[in-house]
Amino acid sequence: MFGMNFFPEMPRPFNTQYRCYPVAMLPGSERSDVEAGGKIIMPPSALDQLTRLNIVYPMLFKLSNKKNQRTTHCGVLEFVADEGKIYIPYWMMQNLMLEEGGLVQVESATLPVATFSKFQPLSKDFLDLTNPKAVLEMRLRHFACLSKGDIVAINYNNKIYELNVLETKPAAAVSIIECDMNVEFEAPPGYVEPTVSRPQPMEEDEPELDISQMLPEDTGFQAFAGSGNRLDGKKKRTNSETEIQSRQLAEYTRGIPDHNFQVGNIRFIRAKKPKDKDDKENMEDPFQAFEGKGQSLRQAKSKK
């Protein structure tokens with residue numbers, strides 16, 4: 001009865017100093033998953049100490065460089081580092097302005113869940129991706145939190161894209177584990193919207209093209225090209241010239257468009273090959289009616 005704890009133990013903060021090294025110096029095989037994310041690798045003793053302190057999960061930490069007063073936030077991936085050392089992504093070392101073997105302060109942190117974040121790509125190449133927002137959402141799954149002012153690096157198709165975290169809500173540092181976060185993008189530095197060249201309208205003074213003026217003049221005899229006389233004495237010009245001109249226009253007019261055209265299909269209209277005379281003879285039926293000799297039942301009378 002007296003052994004019962006009526007007051008739950010309050011979580012105590014974790015605060016330890018480590019030597020910092022890039023992930024590339026981690027013993028063993030290459031860990032590209034650590035370099036492309038926002039989590040660090042800590043020694044096994046840190047796990048024992050965190051367990052005794054009753055740290056709130058998920059484990060989030062604040063990294064501080066006391067010399068330059070630079071801070072950032074991260075999560076933890078594994079506890080397999082050598083004692084007294086931690087391995088962090090290279091982009092995180094650049095944000096903290098740390099060198100290999102530099103001292104970094106690691107403190108436990110409790111961050112609110114993110115609701116909004118705004119990024120600015122540092123290169124125009126990021127905008128050339130088919131769906132930049134989907135790419136960022138996929139790569140942020142390897143991150144645990146975001147800090148305002150950090151420059152995060154994501155790896156996509158063997159190319160590294162750097163993005164500046166301009167804004168985070170509801171705080172300057174937020175947790176992005178299992179959250180519904182709205183994302184916005186700012187134009188890269190020096191980016192200029194491409195101008196679309198519009199076709200210039202035709203001048204109003206330019207005359208329209210008349211096909212009849214381009215027709216060649218007829219030479220030689222032309223049938224019914226004269227003028228007729230009416231019985232009432234009135235003279236009226238015949239439409240022979242108009243008919244001739246319309247006939248010439250018909251010869252120079254383009255063909256009727258194919259309204260059933262479908263993209264990707266090409267139809268070749270071929271004229272039927274004329275049959276040879278030998279083929280026609282072979283195709284004709286050899287049977288001919290009434291070609292035999294007839295005989296009469298009445299015998300012709302012999303002349304005496």
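Trainee: Where is the place of Pro-58?

Mentor: Keep in mind that this is a predicted model, so local features need pLDDT of at least 70, side-chain atom pairs count only at pLDDT 80 or more, and totals for chains, interfaces and linings use all residues. Residues are numbered from 1 along each chain as its sequence is written, and side-chain values use heavy atoms, with hydrogens and water left out. Helices (H or I, at least four residues) and strands (E, at least two) are DSSP runs, numbered from the N terminus. With that naming, Pro-58 falls in the loop between helix H2 (44-52) and strand S3 (60-65).

Trainee: What is the order of the open sheet of four strands?

Mentor: In general, strands of a sheet pair through backbone hydrogen bonds, either parallel or antiparallel. Here, two strands count as paired if DSSP finds at least two bridges between them. This open sheet has mixed pairing, and its order is S9-S10-S7-S12.

Trainee: Which are the edge strands?

Mentor: In the order S9-S10-S7-S12, look for the strands that pair on one side only. Those are S9 and strand S12 (182-185).

Trainee: By how many degrees are neighbouring strands of this sheet turned against each other on average?

Mentor: The axes are lines fitted to C-alpha atoms (for helices over the stretch in contact), and angles run from 0 to 180 degrees between N-to-C directions. For this sheet, though, direction is ignored, and the average comes to 35°.

Trainee: Which residue stands opposite Phe-116 in S12?

Mentor: Strand S7 (residues 116-121) runs parallel to S12, with four bridges joining them. Opposite Phe-116, the residue in S12 is Asn-182.

Trainee: How many residues are between S9 and S10 in their hairpin?

Mentor: S9 and S10 are antiparallel over six bridges, with Ala-153 opposite Glu-162. In the turn, Asn-157 has a positive phi of about 55°. Asn-158, also in the loop between S9 and S10, has a positive phi of about 60° although it is not a glycine. The number of residues between the two strands is two.

Trainee: Is Asn-158 buried or exposed?

Mentor: Buried means under 20% relative accessible area, exposed over 50%, and partly exposed in between, using a 1.4 Å probe and protein chains only. Asn-158 has a relative accessible area of 81%, so it counts as exposed.

Trainee: How many disulfides does a search of the whole structure find?

Mentor: A disulfide is a pair of cysteine sulfur atoms within 2.5 Å. For Cys-74, the nearest cysteine sulfur is that of Cys-145, 6.1 Å away. Cys-74 is buried at 0% relative accessibility, and Cys-145 is buried too, at 4%. The disulfide count for the whole structure is zero.

Trainee: What volume does the second largest pocket have?

Mentor: Grid points are joined across faces, edges and corners, and a volume is the space filled by probe spheres set on the points. The lining of this pocket includes Lys-133, Glu-137 and Val-183. The second largest pocket comes out at about 260 Å³.

Note on methods:
On a 1 Å grid over the protein atoms alone, a cavity is a set of points where a 1.4 Å probe fits but cannot get out, and a pocket is an open set with protein on both sides within 12 Å along at least five of seven lines; lining residues have an atom within 4 Å of a point.
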